[in-house]
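The sequence and the structure are displayed below.

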Amino acid sequence: MIAIKVHRSVWHPLTLVALMAVWLATFGNWPFWQALWRLPELQGATWPSTLALGALLLSVNFVFLGLSLLGPWRKLLGVVFLAASATTTYFMLAYRVVIDPTMIANALHTDAREVRDLLSIDMLWPALWGFVLPGVWWWRQDVRPLSWRRAAWQRLLFVAIAIVLTVIAGRLAFQDLASTMRNHKSLRYMINPYNTVYALAQLGVGRAADVSKPLVSVGEDARYTGAVGLAAADAPLLLVVVGETLRAANVGLAGYARDTSPELSPLKASGELVYFDKVSACGTNTQVSLPCMFSPLGREDDRDAQNLENLLDVLQRAGLAVTWLDNQSGCKGICERIPHLDTGGLSDPALCSQGECFDEILLAQLPGQLQKLEPSRRARGTVAVLHMMGSHGPAYFKRVPQARKHFLPECTNQALQNCELSTIVNAYDNTARYTDHVLASLIQWLKQQARPSALLFVSDHGESLGENGLFLHGMPYAIAPLEQTHVPMVMWVSPAWQSRAGLKTDCLAKKAGQPYSHDNLFHTVLGLAQVQTQARNKNLDITEGCRPGT
Ligand SMILES: [Zn+2]
């Protein structure tokens with residue numbers, strides 16, 4: 001029998017640190033170098049400063065890895081860094097997103113079905129080359145045993161030299177590149193693994209601060225000022241429909257060349273429905289937008305909305321019936337203190353499969369959910385929030401029932417880079433058209449109720465569909481393109497509500513061209529629900545001036 005001796009290298013620990021530093025600075029930062037290379041202002045004579053930038057990244061890696069890849073942590077942390085850089089590299093290359101704190105927050109709050117939508121067979125190769133092969137290699141390497149005194153001394157010297165190198169390379173690189181990095185802020189969020197480390201640290205600090213803070217109440221003086229003593233079936237019903245990822249640019253009501261609003265357009269033409277033309281979102285992803293929409297704080301308010309009660313708490317305090325129906329990845333904490341229903345567990349054979357439902361499920365579940373609310377509250381009025389799946393990407397094709405797909409062929413691959421742009425737009429436009437159908441069906445249902453009713457729809461943020469090579473959403477707000485922040489908003493008020501509450505649709509239509517934003521939602525809904533409180537700013541209520549006595 002022949003004994004086979006497997007040769008395994010035994011490294012000096014700092015050599016391994018250096019190898020990892022080189023890997024992360026080069027292959028691990030492929031998207032960053034590619035983005036830098038493509039900048040028009042770097043075409044030509046900037047080789048020396050680009051090299052200096054490479055040296056800077058390398059020496060920062062020496063410092064960071066020299067201080068973190070220690071003793072028993074070396075293998076595990078190395079694999080974690082490789083996994084983080086391979087994953088973010090894939091998403092940056094495939095979708096041109098950048099990795100900032102809100103993107104990571106969104107990733108941490110995502111659910112299994114969202115993850116399933118993002119995973120694709122295309123991830124196999126990047127995972128193999130960026131993570132599996134280097135990861136296995138890394139895990140198998142052994143280091144030479146050194147006395148702790150000697151190891152500590154050498155490591156300190158290594159880190160000290162790396163710090164000096166960092167300072168020198170930083171000065172050289174930033175003489176030329178400081179303005180470039182300032183002009184292209186998104187580049188900062190492309191540097192692996194510091195984008196992820198920075199985002200997690202930011203969120204960790206934020207969360208630790210949140211946990212220690214008690215919930216601050218809002219509108220303690222809230223009171224209902226409308227008619228009392230109504231039968232529950234006669235009291236007003238307001239539906240607040242929160243759209244998902246629907247951008248104004250692709251909405252027929254907004255003048256899009258394609259007819260993505262075949263059912264709502266006639267209502268607008270007959271003056272029954274108002275489309276608001278210039279509405280901007282509070283954030284560029286659900287995690288930011290949703291709490292902000294329901295908060296009394298505006299987008300530019302620095303205070304943290306997380307520890308503050310929201311619109312639904314105020315409505316509930318005023319004695320109204322309030323509920324939240326969710327056909328998405330949850331209400332991000334907004335509905336915690338009110339009755340809510342998640343469609344995730346439903347098994348409606350016509351509308352749901354594999355734990356996911358089409359948005360018509362919201363209408364199917366609505367009557368039953370309303371019945372469950374307390375009758376004494378319902379007598380004052382009901383506000384129900386419907387949170388849609390809408391145009392949630394990248395698997396747009398999954399959002400629309402087969403029979404309602406109008407624009408074909410559509411992209412049926414979740415890795416959008418494998419599809420022709422026109423098929424991606426087709427799939428997206430089908431979701432816009434399906435949202436139109438869902439909203440029209442809700443209005444149709446409201447029309448059949450004798451009670452005064454109204455519907456207010458607004459999308460949480462927009463979406464990039466290949467403009468400047470960008471896809472999806474979540475760009476930092478300051479540099480986000482209009483496609484991600486300009487959202488559609490629609491209001492419909494029943495004739496019974498118009499006559500009883502005196503709210504005139506034609507008056508609202510005159511205001512439809514004014515600039516509004518998510519900041520208006522809190523105050524407008526309180527106005528519609530006839531709830532008085534100090535927390536309400538009437539200047540932000542869109543219906544102000546269109547109701548008697550205002
Ligand atoms: Zn969203």
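In which helix is Leu200 found? Leu200 is found in helix H9, which covers residues 194-212. The model under discussion is a predicted one. Is Leu200 buried, exposed or partly exposed? Leu200 has 16 other C-beta atoms within 10 Å; because a residue counts as buried at 20 or more such atoms and as exposed at 12 or fewer, Leu200 is classed as partly exposed. In sequence, Leu200 is 96 residues from Ile104, yet the C-alpha atoms of the two residues are 7.2 Å apart in space.

**The chain as a whole**

The secondary structure comprises 19 helices and 16 strands. Taken along the principal axes, the box filled by the C-alpha atoms is roughly 90 × 60 × 50 Å. Of the 550 residues in the chain, 44% are buried. Among contacts with a separation of 6 or more, 76% join residues 24 or more positions apart.

**Two helix pairs**

Two packed helices are described by the angle between their axes and the distance between the axes. The table gives these values for two pairs.

| Helix pair | Axis distance | Axis angle |
|---|---|---|
| H1 (residues 13-25) and H3 (residues 47-68) | within 9 Å | roughly 135° |
| H4 (74-95) and H7 (residues 124-140) | 9 Å | about 175° |

The axes of H1 and H3 cross at roughly 135°. That angle makes H1 oblique to H3, and the crossing of the two helices is right-handed. On the H1 side, the contact is made by Val17, Ala18, Met20, Ala21, Val22, Leu24 and Ala25. H3 contributes Gly54, Leu57, Leu58, Asn61, Phe62, Leu65 and Gly66. By residue class, this contact holds 11 nonpolar, three polar and no charged residues.

H4 and H7 pack at an angle of about 175°, so H4 is roughly antiparallel to H7. The H4 residues that meet H7 are Lys75, Gly78, Val79, Leu82, Ala83, Ser85, Ala86, Thr89 and Tyr90. Their counterparts in H7 are Pro126, Ala127, Gly130, Phe131, Pro134, Gly135, Trp138 and Trp139. The contact of H4 with H7 divides into 11 nonpolar, five polar and one charged residue.

**An enclosed helix**

Why is helix H11 described as largely enclosed by the rest of the structure? Eight of the eight residues of H11 (residues 286-293) are buried, and the helix is therefore largely enclosed. These buried residues are Thr286, Gln287, Val288, Ser289, Leu290, Pro291, Cys292 and Met293. The buried residues of H11 pack against H5 and against helix H19 (519-528).

**Domains and their contact**

The domain assignment divides the chain into domain 1 (10-207) and domain 2 (232-480 + 494-540). A distance of 39 Å separates the C-alpha centres of domain 1 and domain 2. Their contact draws 21 residues from domain 1 and 27 residues from domain 2. Which helices each supply at least two residues of the side of domain 1 that touches domain 2? These are helix H4 (74-95), helix H5 (101-108) and helix H6 (112-118). By class, the residues on that side of domain 1 are seven nonpolar, six polar and eight charged.

Definitions and conventions
Residues are numbered from 1 along each chain as its sequence is written. This is a predicted model: local features need pLDDT of at least 70, side-chain atom pairs count only at pLDDT 80 or more; totals for chains, interfaces and linings use all residues. Domain bounds come from an automatic or database domain assignment. Two residues are in contact if their C-beta atoms, placed from the backbone, lie within 7 Å. Helices (H or I, at least four residues) and strands (E, at least two) are DSSP runs, numbered from the N terminus. Ala, Val, Leu, Ile, Met, Phe, Trp, Tyr, Cys and Pro count as nonpolar, Asp, Glu, Lys and Arg as charged, and the others, Gly among them, as polar. Axes are lines fitted to C-alpha atoms, for helices over the stretch in contact, and angles run from 0 to 180 degrees between N-to-C directions. Angles under 35 degrees count as roughly parallel, over 145 as roughly antiparallel, 65 to 115 as roughly perpendicular and the rest as oblique. A crossing is left-handed if the near helix is turned anticlockwise from the far one by less than a right angle, and right-handed if clockwise.
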